[in-house]
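Please open the model in your viewer and keep the selection panel at hand. The stops below go from pockets to a surface patch and then to salt bridges.

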Amino acid sequence: MEKLSVQEQLKKAPQRWWYYLIIAVIVLGIFLWSMTALQFSPLSARGTAIALNIFKGIFHPDLSFLFDISSQGVLYMLVQTIAIAVLGTLIGALIAVPLSFLSAPNIMPRPIAYAIRFIIMVIRTVPPFVYGLMFIRVVGPSPSAGVLTLALMSIGMVCKLFTETIEDLDTGILESLDAVGCTLFQKIRFGIIPQLSADFYSILLYRFDMNLRDASILGLVGAGGIGAPLIFAMNAYQWSQVGSILIGLFVLILAVESISSRIRNRLMKG
């Protein structure tokens, strides 16, 4: 059999330029159509002045407010934000773990798995602000509303990622455990958890990163955290306090991101 050169093989390869051209045209069309939703207007003098004041506040923060350890200071609000994110992540994970196993079709019967998936999909469709406003009406404007909101949001995302991880399991181990007469709990305990623990921890750390940011935003609607003093300072045009809060948030998120990334790398590399 005659061997073809590299150039001849490339010439005989299927030409897909038209396929990529169609995709590019579709993406460009969607982009241009989306641009019609924007309304560009010139920046007013007042808007320019506010933008300059914001930057001045960031570069000239109120240090007494930034390092205030009272309940009205930035440090206390940052600690409260971390607590809300931690509790929301843990409560959501405790509920998400059993639901994720119930929604995995390679473990549970398909009707049950798809029914649980439908419930998870319904939970994920509601934005965090809507849940925050709902829980504020139930428990009042407090950090408890933020914890409940983040827990419910964590259930939807963590369940989805957990289920995808469970579906990639090595079924040979489960078949071996099934052959020796193990119960469903025993298969989960000895055949599934050892395979999934690293992925589960990595997903939870990723969700904690997201919850930390969401906890800051939920404070804008009164669900605790540092978002509430941020919006109050902006409404009062206290840009030095706004700068202090933004600096505190930046340092906090940067530190948590660095630590969680290192932990995830250690988990994935064993």
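Predicted model: local features only at pLDDT ≥ 70, side-chain atom pairs only at ≥ 80, totals over all residues.

Residues are numbered from 1 along each chain as its sequence is written, and side-chain values use heavy atoms, with hydrogens and water left out.

Begin with helix 5 (74-102) and helix 10 (184-218), each of which supplies at least two residues of the lining of the largest pocket. A pocket here is an open set of points on a 1 Å grid over the protein atoms alone, where a 1.4 Å probe fits and protein lies on both sides within 12 Å along at least five of seven lines; its lining residues have an atom within 4 Å of a point. The space in this largest pocket comes to about 240 Å³, a volume being the space filled by probe spheres set on grid points that are joined across faces, edges and corners. Select V97, F162, F200, Y201 and L204, which are the closest to the pocket centre among the 13 lining residues. By class, this lining has twelve nonpolar residues, one polar and no charged, where Ala, Val, Leu, Ile, Met, Phe, Trp, Tyr, Cys and Pro count as nonpolar, Asp, Glu, Lys and Arg as charged, and the others, Gly among them, as polar.

Next, select N106, I107, T171, L174, E175, D178, L184, K187, I188 and I192, the residues that line the second largest pocket. Helix 9 (171-179) and helix 10 are the elements that give two or more residues to this lining. The second largest pocket holds about 160 Å³ of space, and its lining divides into five nonpolar, two polar and three charged residues.

For the surface, turn to helix 2 (residues 17-35), where W18 lies. W18 belongs to a nonpolar surface patch of about 1,300 Å², whose other members include W17, Y19, Y20 and W33. Such a patch joins nonpolar side chains (Val, Leu, Ile, Met, Phe, Trp, Tyr) within 5 Å, from residues with over 30% relative accessible area and no salt bridge. W18 itself, at 46% relative accessibility, counts as partly exposed, that is, between buried (under 20% relative accessible area) and exposed (over 50%), with a 1.4 Å probe and protein chains only.

Which interactions come next? The structure holds three salt bridges, each a side-chain nitrogen of Lys or Arg within 4 Å of a carboxyl oxygen of Asp or Glu. In helix 8 (residues 143-167), select K160 and E164, which are four residues apart and therefore separated by about one helical turn; their side chains meet at 2.8 Å, N to O. K160 is partly exposed, with a relative accessible area of 35%, and E164 also has 35%.

Moving on, D214 and R207 form a salt bridge at 3.5 Å, N to O, and both residues are buried. Finally, select E257 and R213, whose closest N and O atoms are 3.7 Å apart in a salt bridge. Because E257 lies in helix 12 (residues 239-269) and R213 in helix 10, this pair ties together parts that are 44 residues apart in sequence. E257 is partly exposed at 30% relative accessibility, as is R213 at 34%.

Key. Patch = residues over 30% accessible without salt bridge, like charges linked within 9 Å, V, L, I, M, F, W, Y side chains within 5 Å. Areas by Shrake-Rupley, 256 points an atom, 1.4 Å probe, with all protein chains shown as cover.
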